[in-house]
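User: I'm new to this structure and would like a close look at its pockets. Could you walk me through them and then through the parts around them?

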Amino acid sequence: MASVDIRDVRKAFGSTPIIHGVSVPISDGEFVVLVGPSGCGKSTLLRMIAGLENITGGEIAIGDRVVNNVPPKERDIAMVFQNYALYPHMTVADNMGFSLKLRNAAKSEIDVKVKRAAEILNLGALLERYPRQLSGGQRQRVAMGRAIVRDPQVFLFDEPLSNLDAKLRVAMRTEIKELHQRLKTTTVYVTHDQIEAMTMGDKIVVMHDGIVEQMGAPLDLYDNPRNLFVAGFIGSPAMNFLKGKIDGKDFVLEGGQRLPLGKPPVGFDGKPAVYGIRPEHFLLDDQAGAEAEVIVVEPTGAEIQVVAKLNGQDVILVFRERHDFKPGDIIKLSTDPRVTHLFDAETGRNLGQH
């Protein structure tokens, strides 16, 4: 195992910059998730760690060794791809042991390592099958087994669950996390799915347009987003953003209704801002709440999700309790200022009002 240190890394294709000075420290044994929308640079950064893309500037170190000019096969990493990349004419056992065979490892060593990986991943009964005889989840486990037998210093996962159905993604998510807890191997995992990021990572790195917007523990990013982008990207359903202005200890919506602020930021009174509140943090308040019209009600069983109009702006509400809401109903909403956020309307910066 080893740490990975990404220091001021830049990448350009021709004259077009893609990665703009990214720095990410990854501790030995840590599970780090690179997350962001398509085109943010997360997969390019992963491929630079693997040595599949050249680095335009900066350094990447694995352990104590800078690997900028080290060939991929000498970096002691193992990569699991989105499309499994299994050899169709080889059995599961041969697929898993192929990298060791290329190294001219002894057959006895290959057999021992393949058997160990198969036990870890519950593939023992499938070793003589071919990829065409496997389900999508089984193929992904074979791809993971092929990585495990190499006993690398670092695992790299490039959106490995994207080709699986929703139920299988949840199961595989658990398997990968359990695998990491067992092996303690440093892992860098790329995904665009923020639910995967929240549930799997020790640390999340949120990327956007080739820069790191914020990094930290999952719940820290959820509770304390640095800016509008992170606040809107982390969390499902996404945080609600309401436009208006600051007026003393209240936030005045563009339609005139008021929501409590608690302690307002100094020097922003009367200025335009964005009020952020997560769907589960709205409170029903028949006495002093702001009026909202119910548009759509979506019961999921454990929760009720409601789309409503608040002063002409769409908001999403999530309630754990059962409510008999119907489209057209008027409900009154309030908030707890301790769990709301206030953002600068121009820069998107979190003003940290609580």
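Analyst: Let's start with the largest pocket, which has a volume of about 490 Å³. A pocket here is an open set of points on a 1 Å grid over the protein atoms alone, where a 1.4 Å probe fits, with protein on both sides within 12 Å along at least five of seven lines, and lining residues have an atom within 4 Å of a point. Points are joined across faces, edges and corners, and the volume is the space filled by probe spheres set on them. Keep in mind that this is a predicted model, in which local features need pLDDT of at least 70 and side-chain atom pairs count only at pLDDT 80 or more, while totals for chains, interfaces and linings use all residues. Residues are numbered from 1 along each chain as its sequence is written, and side-chain values use heavy atoms, leaving out hydrogens and water.

The lining of the largest pocket has 18 residues, and those nearest its centre are Met-79, Phe-81, Ser-99, Arg-146 and Arg-150. Strand S6 (77-80), helix H2 (92-102) and helix H4 (136-148) each give at least two residues to this lining. Such elements are DSSP runs numbered from the N terminus: helices are H or I with at least four residues, strands are E with at least two. By class, the lining of the largest pocket holds 13 nonpolar residues, one polar and four charged. Nonpolar covers Ala, Val, Leu, Ile, Met, Phe, Trp, Tyr, Cys and Pro; charged covers Asp, Glu, Lys and Arg; the others, Gly among them, are polar.

The second largest pocket has a volume of about 280 Å³. It is lined by 13 residues, with Ala-93, Asp-94, Gly-97, Ile-110 and Asp-111 closest to its centre.

Asn-104 is not a glycine, yet its phi is positive, at about 65°. With 69% relative accessibility, Asn-104 counts as exposed (exposed is over 50% relative accessible area, buried under 20%, partly exposed in between, with a 1.4 Å probe and protein chains only).

Now back to S6, which belongs to an open sheet of six strands in the order S6-S7-S8-S3-S9-S10, with mixed pairing. Two strands pair if DSSP finds at least two bridges between them. S6 and strand S10 (211-216) are the edge strands, each with a single partner, so one side of each has no neighbour in the sheet. On average, neighbouring strands are turned by 15° against each other, direction ignored.

Within the sheet, strand S3 (residues 31-35) and strand S9 (residues 203-208) pair in the parallel sense over four bridges, and Val-32 stands opposite Lys-203 in S9. Helix H5 (residues 166-183) packs on the sheet, touching S3, strand S7 (154-158) and strand S8 (186-191), and its direction makes about 145° with that of S3. Contact means heavy atoms within 4.5 Å; axes are lines fitted to C-alpha atoms, for helices over the stretch in contact, and angles run from 0 to 180 degrees between N-to-C directions.

S9 also pairs with S10, in the antiparallel sense over five bridges, with Val-205 opposite Met-215 in S10. Their hairpin has two residues between the strands, and Asp-209 takes a positive phi near 50° there.
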